[in-house]
Amino acid sequence: MNETQRGRGSNTPVVLAVGLSAALMTLDTTVVNVALPQIGAEFNAALSGLQWVVNGYTLAFAALLLSAGSLSDRLGRRGVFVTGMSVFTLASLGCVLAPGEVFLIACRTLEGVGASLVMGTGLALIAGAFEGQDPGRRQGAFGMITAMGAAAAALGPLIGGGLIELAGWRSIFLINLPLGIAIIATMLIGVRPQPTIPGSRLDLAGAALAVGMLFALNYGLLAGASQTWRRGDVRCALLGVPVLLAGLLILEHRRGPAAMLDLSLFRIPTFTGAVVLSFAARVASFGLYPIVILWLTGLLNCTPIQIGLILLILSAGMLLIAPFSGVLTRMVPVRVLTLTGMVLIGGGLIWSAVWIDVHSGWAAFLPAVILMGLGSGIVTPHLMGLAVGVVPTDRAGMASGASNAFFPLGTAVGVAVYGAVMSAVVAARIPDPEAARAVAAGRIRQLTASGSLDEALARAAFTTGLVQVLFIAGTAAVLSGLASLLLVRAKDLPGRAAEPVAEAVNRP
């Protein structure tokens, strides 16, 4: 009995391992933010150092995702997954033992390397395990993985805060060790190796160009948004992106099917639609969170626990809907589901943009939180499944890496664009540049307490910027939903028309 013929029970280990890894990677991202004050105090770290504790992980993760997925097709998905989880677990041990700021940043970067190997491979493992079976079962597995990731995102700040209170900041990395070992054991014992691309060679030049391009793009956006766009390293990084991208496209086109990223995959409209949705979903969610959190803390004086509980409402919607994604696909076409989910997300954001004013409390954002949760629960499992489900099995890792690479990119673009919009709106209303930067960063109480700025003016400027950001994010979500209605095609999906998909990939 081969990998594609096994029954429901035999697929449980791979779903469990991939789901737990998704939860662990998500948890590791969210809990670190809670620990930054304690890390800064122990190591006497500057703000720039603390930013690298977060961004070192993010940049390594984003830069290597595309290469990791393609690598897994050639070397074996289970092996690459286990290697990534081993690197992640050992790097977590390094974080626990870190004697200083630089060592911690290095270990966080290694965690990002391991996470990219895990997440760039996990979806392809699921696709291979469920090959030839009812597509609804595979979609249900993606729904369960989404729900586990959503639970980790929701509980991350609360878990992190509790661990830090009880055992200090190092404990947030210590919990990775038993979980990482359990995931590795589950994968090695319960999951058989999947076929690799026979006779293939690694596209090292393509991988180097992809890593360089994705690193430069994410670094430029993150550093520019958090500090200043005038910095020389930010400008060099962003100017290098089109050069590296052009080189990558030329090289991959010449290598054809042997390339790290087979560009012919983009001839499949549903694959392109999945990539567009992956990007847009993060632009309208994680890219938006920093501005919303600054509003909750800077204007509404919410505590971290209160913010965690508010965002928990969002995750509750995902937990409620995502596990039933396989059932939904049997009743409603996937493109209608993706449209519905993105319209719910966009509608909630636009509703809040209309409702919020300078006197509003957090309840004014409640419609967006509820509708974003429900919409994300509908859309996210399909973002995970569409890209790997419409390509040939031997390209599943490549498709997984390509789709996943647009998640952190969407976050970085969202943070940069919304930060620029907020800064421009505030600067147009507050002439003093220093005061305008402080207001855009949510530090309103400090300014108004010193009497250097009128509180009403500061609150009105920030609220106006928030409303514009919400409206832009909502509009982008709705437009991406409409795009998915055109791009996602039933005949591309598994079990519907395998031949047209294969012909689209192999067409010269």
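Is Glu-42 buried, partly exposed or exposed, and what is its relative accessibility?

Analyst: Glu-42 counts as partly exposed, because its relative accessibility is 43%. For that label, buried means under 20% relative accessible area, exposed means over 50%, and partly exposed is in between (1.4 Å probe, protein chains only). A quick word on the ground rules: this is a predicted model, where local features need pLDDT of at least 70 and side-chain atom pairs count only at pLDDT 80 or more, while totals for chains, interfaces and linings use all residues. Residues are numbered from 1 along each chain as its sequence is written, and side-chain values use heavy atoms, with hydrogens and water left out.

Back to your side chain. Glu-42 forms a salt bridge with Arg-170, and the closest N and O atoms are 2.6 Å apart. Glu-42 lies in helix H1 (residues 12-43) and Arg-170 in the loop between helix H5 (135-167) and helix H6 (171-174), so this pair ties together parts that are 128 residues apart in sequence. Helices here are DSSP runs (H or I, at least four residues), numbered from the N terminus.

Side chains of opposite charge can pair when their charged atoms come close. To count as a salt bridge, a side-chain nitrogen of Lys or Arg has to sit within 4 Å of a carboxyl oxygen of Asp or Glu. Searching the whole structure turns up three of them.

One of the others joins Arg-108 to Glu-111, with 2.9 Å between the closest N and O atoms. Both residues lie in helix H4 (residues 101-129), three residues apart, or about one turn of the helix. Arg-108 and Glu-111 are both buried. There's also Asp-233 with Arg-231, whose side chains meet at 2.3 Å, N to O. Asp-233 is partly exposed at 29%, and Arg-231 is partly exposed at 26%.

Leu-66 counts as buried, because its relative accessibility is 7%. Leaving out residues up to four places away in sequence, Leu-66 touches several residues, including Ala-210, Met-260, Met-398 and Ala-405; contact means heavy atoms within 4.5 Å. Leu-66 and Ala-405 are 339 residues apart along the chain, yet their C-alpha atoms are separated by 5.9 Å.

Finally, Leu-97 is found in helix H3 (residues 77-97). Leu-97 counts as exposed, with 59% relative accessibility.

How values were computed. Helix = DSSP H or I, 4+ residues; strand = E, 2+ residues; numbered from the N terminus.
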